[in-house]
Amino acid sequence: MNTISTLNFEGFGELFPEITGLTQPFWDGLAQGEVRLQKCAACGTHQYPAESFCYACGAQAMSWVKVAGEGTVYSFIVVHQVYHKLFKAFMPYTVAIVQMDEGPRMLSAMLGLQKPIAIGDRVKPCIRVVDNERAFLTYVPVNQ
Amino acid sequence: MKNKRQRYCIVGVGNTAYGRTPGLSQTALNVLAIRAALEDAGLTTKDLHGVLTKAPTSTFPRLWAPQIAEALRVQPNIVGTLDQAGATNIGLIQYAISCIELGQGEVVAIAYGDNPRTGTRENYARARGGDGAVAGLFGTPSSYALAARRRMHEYGSTKTQLAHVAMTHRHHASLNPNAVYQTPITIDDYMNARWVAEPFGLLDCCPVSDGGAAYIVTTEARAKELKKAPIYLRGIGQSHPSWEFFRRPDLAASGAAESGRLCFASAGMSTADVDFCEIYDCFTIVPIITLEEYGFVPRGKGGAFYQDGHTRLGGKLPCNTSGGLLSETGMPGTQLVCEAVRQLRGECGVRQVKNPTVGLVSQQGGILTTHATMLLSVEGGQLQ
């Protein structure tokens, strides 16, 4: 897992969702340089997004665990249309659906790619730092 | 459950101009469409027992059907707005016939009207869900493009095949004087259009359009007293994959397989009975997925079916004979019901399918999140 802060993500804080008690551990984890998912003590399923119960078995037995978070590209697009000014500097940029090895699928920007990606490519988390308190999850190819 | 049901019909259809309708509120677009549909049926607002609506995508107001009823100056027994996005257009018919079957109304108007082109279109470019913005996922085309990429990977659909969806529907729009985009497009036009979100270029995406459309549902007994020949509701079904698109087990599947199965079973028909289709073509990949899931063609063959010209007027299975969302108007699907009824009545002039008996309407919403299917026919019959 790497944490990269060479690209400038000033202002990206405004793109963050409202963080609640339920989701705080995920974002705290990223700010501390690690990817965390909920894990069910009853059935062992990892899940994202966070809930007070397990989507798979319904048990109210969720706790947060640190994960490697690597995965494969399930699908991706290359965005050319400017929808938000903050992404202008990265145009065109890739958005991927990553099938995490732990189970959940994540939606993630893939920024600063050296060459095009393909479905099935192995990818790893790359946590992007916005400021001292905030960071967000992106992915990069394992071999980059 | 096998009691003898009444037979249900669509007896009136109506719409406003499409594209840009400055000066017309969301309310006006609904009211004008409903009044046009009533006129088409030979009915008046005094005949209405129900007013059902699909909420305007751009603002999603609350208590919307009661507002439209008030603007029509009626106090109906039945109002409602169903939250199934594009599938609502058919879902509301299921609600309407349920109410009629209970004997609590006989004439129900179903409408959609919105002005995202001249009003606000922020909803069409918003971020997807909680983490969508920070992931850079904005706008409906981006989400459908993720589904399209997966579909192309799994089944080998090509950009050339997507081009033929856009070209076919535009060809049909060129024969439709109310279509927003009537100028035919070539494969070069398609390939040279600017990228939006690869694999989608501009001509893979339906435009954002103003407009309103409506239809009137009633019983066969009432229909026979009215102005035009009734068009019978012969089959109907829904299915909702429902999960957020990128988390569902199969991203590139829609609800068409299951909603189609229910619809064909309720009609006692098969794909061989269908003369034409009106498919919710918000993006070029969708008709390909839909035709395959209904079983008109084997999985992976929908794109070639388009490329080989079978969906053109005069082909085996004309699709989106008015131009669809891609070219007639980007409105979310109500207009397709109007087109199916007009085709079955033989009112479509130069774009008329030759002597059709059965037409299929496919509607879906969200990101392949909801789905509904309907079979309409000139021949009477009850839902089974």
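Chain A has one helix and nine strands. Helices are DSSP runs of H or I with at least four residues, strands are runs of E with at least two, and both are numbered from the N terminus. From the N terminus on, the order in chain A is β-α-β-β-β-β-β-β-β-β.

This is a predicted model: local features need pLDDT of at least 70, side-chain atom pairs count only at pLDDT 80 or more, and totals for chains, interfaces and linings use all residues. Residues are numbered from 1 along each chain as its sequence is written, while chains are lettered from A and ligands numbered from 1 in the order in which they are written.

**Overall build of chain A**

The radius of gyration of chain A is 15 Å, close to the 15 Å that the globule rule gives for 144 residues, so chain A is as compact as a globular protein of that length. That radius is taken over C-alpha atoms, and the rule is 2.2 Å times the number of residues to the power 0.38. Along its principal axes, the C-alpha trace of chain A spans about 45 × 35 × 25 Å.

Of the 144 residues of chain A, 35% count as buried. Buried means that 20 or more other C-beta atoms, placed from the backbone, lie within 10 Å of the residue's own. Take the contacts in chain A between residues at least 6 apart in sequence: 52% join residues at least 24 apart. A contact needs C-beta atoms, placed from the backbone, within 7 Å.

**A sheet in chain A**

Strands of a sheet pair through backbone hydrogen bonds, either parallel or antiparallel. Pairing here needs at least two DSSP bridges between two strands. Chain A holds an open sheet of three strands, in the order β3-β2-β4, with antiparallel pairing. Its edge strands are β3(A) and β4(A), each pairing on one side only. β2(A) and β3(A) pair in the antiparallel sense over two bridges. There, A:Lys39 stands opposite A:His46 in β3(A).

| Strand of the sheet | Residues |
|---|---|
| β2(A) | 35–40 |
| β3(A) | 46–47 |
| β4(A) | 62–67 |

**Where chain A meets chain B**

The contact takes 25 residues from chain A and 25 residues from chain B. On the side of chain A that touches chain B, β5 (71–79), β6 (93–100) and β7 (105–110) of chain A each supply at least two residues. The largest share, six residues, comes from β5(A).

By class, this side of chain A has 19 nonpolar, five polar and one charged residues. Ala, Val, Leu, Ile, Met, Phe, Trp, Tyr, Cys and Pro count as nonpolar, Asp, Glu, Lys and Arg as charged, and the others, Gly among them, as polar.

β5(A) is also joined by two bridges to β5 (residues 195–198) of chain B, and the two strands run antiparallel. A:Val79 stands opposite B:Ala197 in β5(B).

Key. Two residues are in contact if their C-beta atoms, placed from the backbone, lie within 7 Å. A residue is buried if 20 or more other C-beta atoms lie within 10 Å of its own, exposed if 12 or fewer, and partly exposed in between; C-beta atoms are placed from the backbone.
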